[in-house]
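Grab the viewer and work through these exercises one at a time.

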Amino acid sequence: MELAFVTNWPKTDANSCIKKLLGDYVCSLSCRNTFAFTAIAESKTISTEREIFIPQVHIIDPDRPWELYSHTGDHKDPITVLEWDSSGTRLLSGDAGGRVVLWQMKNHMLNDWSCTTETHISGEPIVSIAWLHGISKLYYDVDNIECNPNWLEVFKFIPFQPSLQLHGSSHGEGWIAVTTQGLVSVKLLNVKEETEVTQRLSQTRPIHVAVADIAFQSSGHILIAVADGSTRLPVHVFRVSLTWEFNKVSMKIDQLPSYIVRCCMDFNIKEKYPTISHLKFLNKECMDPQPGSRATEQLVVCASGSNGSCIEICTLEKDPDPQHIPLVFQGTQINSEKSSSQMIWMHRAMHNDSSTVSAIAMPRLPLNLSSKIYNGPGMCLAVTNVDGTIKLLHRLTLRLCDAYKYERVKPDSQGKRQKVLQGRHVVCMEMSNSCCALMGVDRAGSVCLFRIPPTLGQSVDQSSLRTSTISVVVNLFIYCLVTGYDQWDVILRLLPNMVELIIEKLTKGFDNQPTATQEMLMMRFMSTRAALYRIAAGVTGKATDAFGKLILHSFANVIRSQLQPTSHSPVKKGPSDQLTAICSSNTEPDIDKLRAMLDPRDFDIETSTLRSLHVPIEFLVNLAILLLTANHSSNYYQKAGAHHYHKTGILILKDASTLELFRELLLLLRIWSHDKSDAFPSFPTTVENIDAIPHLYKLFTQFWLCCKEENQHSEPSEELIDECVLLASYLQVPSWEFFPVTEGILGKLHSPHGSRSFQFDTGPGSLISIVTFGMGPEKYTRSTLDMLDRNHTKTDIISGRFIGTFPSQELRRCSRCSSLSVLPTPEQLTIAKPWEHNWVRTCICGGLWKRVIKK
């Protein structure tokens, strides 16, 4: 484990900064690797003698951790909980005053949020909150990960009953919260009838809740574990059942066996740990145990004192002899079923620490464990202490796997006691979905990120175990491809010299997938390849070619979605199949001869639809021109060494399948330009007898013939290279500036200087390039946030068009590569613009959009 970066607040008066630290910090990390946390509050001066501080929620993208977005909402009390939803676009925040606010990302902008729903339980501070569970779960099956070549069958699909079943197959969407007075509140969304219900955990006696956590069972029940903070009393566990009857939700609460902390049973140390400081479920989704698998209902309890902490793991299992259940467990049964009386919390492991634990992070990768020995990702939980130590403990045995010293707590000036407030220790943290990154907030409010090795006890650059590490990383990439999770945290853990082997293994596995699986995962796979090439050294051309293939396949999907078969006969092929068949079997370079073989009625589209496709059509033609004119020397083609493959365009011009796709799309464009010339964009040339699209088709056909299998990748002729060189003399050649490059910290954390230090709202000049304004060789340190640079022309990365030096339109900027794009208006989104709809949620590089605030 190693520190990747720390982002600090601007240096201000220390006393003023301490005033702004309201309550405990909380944080949450989404599946899109977006980090939300609470630290510094906004101050408002009421008068000259009184000053108040309003809690704030801060959101950052860890790839550019110096860019901060903050919002307050209606919170007036310290925020106690934060929770992202499964899509990473909605955020729940609860405070000490009982207020819960639902934040919704507006227009998929990372820095534009709105409060859509709000609930308030007066006098009931929120201790824990969670989104209601859906109907399915994809598990990382450790027994099946290496032996099944089909990616969709590698991960076990575990059916989950929804937390609330509505009419038919629909399920309730909302959240469940627990307060300090033992009140359980359920709020439903998108339901016209009664949407909120509350009930006490116990109807017979009051329950004070200091710490709590929520988990979900595959049967649809909700587990709630609570503790009042004292180790003298047991940890209570309740099972909540939600039902939908008569257009309203009803709640039933049963109490399961309780758990007494084991360290308090020892007379010698029972006074050493008087407080239960942390209580968490090891698995948020608890499935039914499979034969040979371990029980998934597991609790992690941390008892702390001034002289250290004790961490325990217990598992809810069936007791072989129910008569052996202690009376303390039997006496806590309230409204429980007979089957529950046979369950007991079994103590499994314990870890003693000489320093007090300040935060615990659970692994988020859902594992289906068996008796097989497994040391891959997700097998450790993170524990941080007030002395600045961060430890990785094995999730089964709690043995120490790794440790890192963040910063030692500084003693006061007289050396009599430690000043914890002046120390740098992490007070809240969370693991990423792949368990390759650990992100948290320290006592000073700074954000820190740690890289976790994918395999326990193995360094990433350990040469003897390099093959095993690459295999584990490839499996994580496959998991991200299937689930749709962001793979930024996985790429963060790689070394540049591992990229080629990982891409080779991923490509080999992708080529072996069924055709339907390839079509479903094609866009994610191309995006992953492009992201991997961006961090590799000396392969800028490969990264550009990867993004070119991504744009090409995206355009192909848009075009194919517009083609509708004119006949439902099973004998006649569809329009897309006709294009594939004629281009794969015909080597004719004359595109008009192939057009004459096809019926234009099969490829007819509305004129308005064709006009809406002007942007992707121009993008495709420009990409074709760029590829053919990228290299002006035949030596780049004749020398087939790997060191020449970093040149832009080489990979695409040597890929037969990509060239064949180019030919299909150019043939379709020729059909449209011939039949609907008035609605088709024009591509002027300086030579009268040359048409752009037919000439491009002829050149791509000649390259395709050189790459066919029977020709064994023969080199192109000198005449073909000369034609490509002359292409720039009669066609306008655009620049490569609309392809994103790496502008964030990804790929720049492998320098020998170790971890980096940043400051909020101050971008490091060494990481900001000219990519937003143009792909020149110069490097500028101007931030793209203020839009003050009026000397360089800016380009829309989605349309590839120039938008001026200081555009007047509303703009959006990628949070990863800083590329700009014109923000489509709601009226434009309602019109059929399939190309723009492809990039509404994310940029081409996969980063989230941010609204550009002009100053």
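**Exercise 1.** Which residue does the side chain of Arg670 meet in a salt bridge?

*Solution.* Before the steps, some ground rules. This is a predicted model, where local features need pLDDT of at least 70 and side-chain atom pairs count only at pLDDT 80 or more, while totals for chains, interfaces and linings use all residues. Residues are numbered from 1 along each chain as its sequence is written, and side-chain values use heavy atoms, with hydrogens and water left out.

Step 1: apply the rule. A salt bridge is a side-chain nitrogen of Lys or Arg within 4 Å of a carboxyl oxygen of Asp or Glu. The partner of Arg670 is Asp691, at 2.7 Å from N to O.

Step 2: Helices (H or I, at least four residues) and strands (E, at least two) are DSSP runs, numbered from the N terminus. Arg670 belongs to helix H15 (residues 656-675) and Asp691 to the loop between H15 and helix H16 (692-707), so the bridge ties together parts 21 residues apart in sequence.

Step 3: check the cover. Buried means under 20% relative accessible area, exposed over 50%, and partly exposed in between (1.4 Å probe, protein chains only). Arg670 is buried at 13%, while Asp691 is partly exposed at 37%.

**Exercise 2.** Do the spans of H15 and H16 agree or disagree with what their residue counts predict?

*Solution.* Step 1: the expected span of a helix is 1.5 Å times one less than its number of residues.

Step 1: for H15, 20 residues should span 28 Å, and the end C-alpha atoms are 29 Å apart, which agrees.

Step 2: for H16, 16 residues should span 22 Å, and the end C-alpha atoms are 23 Å apart, so that agrees too.

Step 3: look at the surroundings. In H15, 16 of the 20 residues are buried, so this helix is largely enclosed by the rest of the structure. H16 is mostly covered, with 13 of its 16 residues buried.

**Exercise 3.** How many aromatic pairs does the structure hold?

*Solution.* Step 1: rings of Phe, Tyr and Trp (its six-membered ring) pair if their centres lie within 6.5 Å; planes under 30 degrees apart count as stacked, over 60 as edge-to-face and the rest as tilted. That gives 17 pairs.

Step 1: classify one. Trp66 and Phe758 have ring centres 5.2 Å apart and planes at 50°, so the pair is tilted. Trp66 lies in the loop between E6 and E7, and Phe758 in strand E35 (residues 756-759), 692 residues apart. Both are buried.

Step 2: classify another. Trp131 and Trp175 are edge-to-face, 6.3 Å centre to centre with 80° between the planes. Trp131 is in strand E12 (residues 126-131) and Trp175 in strand E15, 44 residues apart.

Step 3: look for a cluster. Trp9, Phe35, Phe37 and Phe760 form one.

**Exercise 4.** Which residues have the most contacts inside the largest nonpolar core?

*Solution.* Step 1: a nonpolar core is a set of buried Ala, Val, Leu, Ile, Met, Phe, Trp, Tyr and Cys residues joined through side-chain atoms within 4.5 Å.

Step 1: the largest one has 158 residues, and Phe37, Tyr140, Ile502, Leu669 and Trp672 have the most contacts inside it. Apart from this core lies another of 28 residues, including Leu164 and Val249.

Step 2: zoom out. Of the 855 residues of the protein chain, 57% count as buried.
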